Structures are given as structure tokens and as C-alpha cells.
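Please look at the sequence and the model first.

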Amino acid sequence: MGILEGKFAFVSGASRGIGRAIALTLAEEGAHVAFTYRSSKDAAEALRLELESKGVQALCFACDAASFSQTEEVVGKILEAFGRLDVVVNNAGITRDNLLMRMSEESFDEVIQNNLKSVFNVTKSVQRTLLKQRSGSIINISSVVGKGGNPGQANYAASKAGMNGFTQSVAKELGSRNIRCNAIAPGFIETEMTAELDASQKEQWLQHIPLKRGGTPQDVARLVVFLASDDSSYITGQVINVCGGMQI
Ligand code: NAP
């Protein structure tokens with residue numbers, strides 16, 4: 001029997017990469033999973049079928065995480081179908097890297113909307129239900145860059161640092177109702193997002209990783225399972241690195 005048997009989970013942006021691994025790992029541990037994607041319809045449908053093959057309920061919705069109205073509507077449909085939510089994972093995110101000198105206002109705003117406002121959109125939409133339940137675990141996928149910054153990623157670092165502050169504030173606001181809120185800060189994880197980096201950029205990252213390898217989406221997903229489970233019931237307001245020791 002899985003550690004999340006019978007729990008109901010939501011994951012934003014799960015058509016590929018870390019979100020996909022999170023959705024699959026939650027299902028392998030027995031959770032029913034609803035997830036969103038923005039544009040990868042075929043990949044999302046394939047994931048929905050794969051989740052169902054694990055014997056859990058699976059729902060998928062096209063939803064732009066940056067849109068409050070779309071998020072509110074989709075969360076409403078999920079709650080109608082599931083009746084509750086125990087685990088909420090804010091994973092959807094993008095990069096629009098450039099040195100500040102060349103960064104446009106549009107790409108700054110786009111990253112903040114997709115990576116930070118999206119977390120407000122989901123958390124606000126599920127809050128009432130979690131309060132009524134007097135339980136819930138919210139898990140925000142942040143980044144080590146939100147703690148230490150990175151050249152060429154001022155927009156991304158600002159979005160993830162904002163996410164960390166949001167996480168801690170929500171943990172303080174909702175803790176008395178048995179609702180936990182934590183963030184995970186991955187380092188260099190091998191996905192399509194990091195496939196954009198060239199060989200010299202990857203080499204630079206690896207030089208700073210004591211474990212001398214990039215992480216896998218599964219490395220992040222295992223921590224999500226722990227934070228989603230009752231095994232972490234005294235952990236809230238934390239930003240936990242999964243980075244092979246990159247940030248020590
Ligand atoms: P990825 O491979 O680029 O996948 C991103 C996923 O998010 C896709 O499924 C995409 O859906 C979805 N998405 C993006 N914008 C969306 C939006 N506005 N609405 C709904 N869905 C949206 O990225 P990843 O590497 O798995 O990263 C996942 C999360 O981990 C992000 O928050 C990222 O910042 C964080 N992270 C990643 C790394 C890393 O090294 N990879 C490190 C630290 C933190 P579509 O394909 O349908 O657009």
C-alpha cells in the first residue's frame with residue numbers, strides 16, 4: 001500500500017519534466033491526481049492514461065497558470081470531481097533568461113506572472129477548501145536560484161525568491177488550521193528546461209555540484225511525496241534544496 005493511498009492531489013504544469021515525474025510518483029504512492037498543462041495536449045493525455053493505468057483517478061485540464069480566472073475555474077472543476085484536495089503542488093514555470101542589460105520588460109513580467117502569480121492563483125483558489133478540511137499540504141517548486149541569484153536570471157530568481165516568501169507567509173497564516181506550506185528548491189535537474197543550456201553552461205553548473213551529476217525529476221518527486229505525506233506533518237514554511245550539494 002502506498003504512503004499516499006486515498007489522498008487527492010493537484011499538480012500544475014505536469015505534461016513533462018519535473019511535474020510529470022511528480023504526478024506519476026504521487027500516483028504510484030496511491031494518490032488520485034489532477035493536473036494541468038498549457039500547450040502539450042498529446043503529452044498531457046498520454047500522462048492521464050498512464051496515471052489511470054496505475055489504478056488511480058486522473059484528471060487533466062488545459063489551463064494557463066498565469067491566469068487567475070482560468071485557474072479558479074479549473075480548480076472548481078477538480079473540487080467538484082474529487083470533493084477535496086490533500087496535496088497541492090505548484091510546479092508550472094518558465095525561464096526567459098537574459099542579462100539585465102538585454103532583458104525586456106515583457107520577459108520580466110512574463111516570468112513573474114508564470115512562476116509567482118501562478119502560485120497565488122492556485123493557493124487562493126484552493127484555500128477555502130483546505131480551511132474547511134482543516135488539512136492540506138501545499139508544495140511550491142522553487143529553485144536554488146531564488147536563494148542565491150544567478151547571472152542572466154534576474155527575472156527567474158526574483159520569481160522564485162518571491163515564491164519562497166509567499167510559502168513562508170502562507171505557512172504562518174494557515175498553520176493553525178493544520179495546513180502546511182513548503183517549497184522545494186531544485187538545483188540543476190535534467191529536463192527540457194535545462195536542455196536549452198549549452199555544454200559550457202552545463203559544465204559550469206557541474207563544477208559546483210559535489211555529487212558531480214545533474215539531478216533527475218525523480219529526485220525532486222521523492223521529496224514531494226515526503227512533504228505530501230503524514231510523515232512530514234511537523235514540517236512547514238521550509239525551502240528545502242534538492243541540488244546535489246550545489247548550495248552548501
Ligand atoms: P519544463 O520541462 O520546461 O516543463 C514545464 C512544464 O510546465 C510543462 O509541462 C509546461 O506545460 C508547464 N507550464 C509552463 N508554463 C505553464 C503555464 N503558464 N500554465 C500551465 N502549465 C505551464 O520545466 P521543468 O524543468 O520540469 O521545471 C518544472 C519546475 O521546476 C519549474 O517551476 C522550474 O522553475 C522548476 N525548476 C526546474 C529546474 C531544472 O533544473 N529543470 C531547477 C529548479 C527549478 P506545456 O508543455 O503544456 O507548456
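**Helix α3 and its surroundings**

α3 is followed by Gly83, whose phi is positive, near 85°. The model is predicted: local features need pLDDT of at least 70, side-chain atom pairs count only at pLDDT 80 or more, and totals for chains, interfaces and linings use all residues. Residues are numbered from 1 along each chain as its sequence is written, and side-chain values use heavy atoms, with hydrogens and water left out.

**Helix α3**

- Helix α3 spans residues 68–82, which makes 15 residues; helices are DSSP runs of H or I with at least four residues, strands are runs of E with at least two, and both are numbered from the N terminus.
- From its first C-alpha to its last, α3 reaches 21 Å, close to the 21 Å expected at 1.5 Å a residue; the expected span is 1.5 Å times one less than the number of residues.
- Thr71, Val74, Val75, Ile78, Leu79 and Phe82 are the buried residues of α3 (buried is under 20% relative accessible area, exposed over 50%, partly exposed in between, with a 1.4 Å probe and protein chains only).
- They cover an arc of only 140° around the axis, which puts them on the same side of α3; the arc is that of the directions from the helix axis to the C-beta atoms.
- On the other side of α3, Ser69 and Glu80 are exposed.
- β1 (8–11), β2 (32–37), β3 (58–62) and α4 (105–133) are the elements against which the buried residues of α3 pack, where contact means heavy atoms within 4.5 Å.

**Ser125 in α4**

- Ser125 has its place in helix α4 and is buried, with a relative accessible area of 15%.
- Not counting residues up to four places away in sequence, Ser125 touches Phe68, Thr71, Glu72 and Val75.
- A polar atom of the Ser125 side chain lies 2.7 Å from the backbone oxygen of Asn121.

**The ligand**

- The ligand is surrounded by 31 residues, the closest being Ser15, Ser40, Asn114, Tyr156 and Thr191; a residue counts if one of its heavy atoms lies within 4 Å.
- An oxygen atom of the ligand is 3.0 Å from a backbone N or O atom of Arg38.
- A polar backbone atom of Ser39 lies 2.7 Å from an oxygen atom of the ligand.
- A nitrogen atom of the ligand is 2.6 Å from a polar side-chain atom of Asn114.
- Taken alone the ligand exposes 900 Å², and the protein buries 97% of that; areas come from the Shrake-Rupley method with a 1.4 Å probe.
- α7 gives the largest share of the shell around the ligand, three residues.

Terms used:
Polar contact = N/O pair within 3.5 Å; in protein donor to acceptor, adjacent residues only side chain to side chain.
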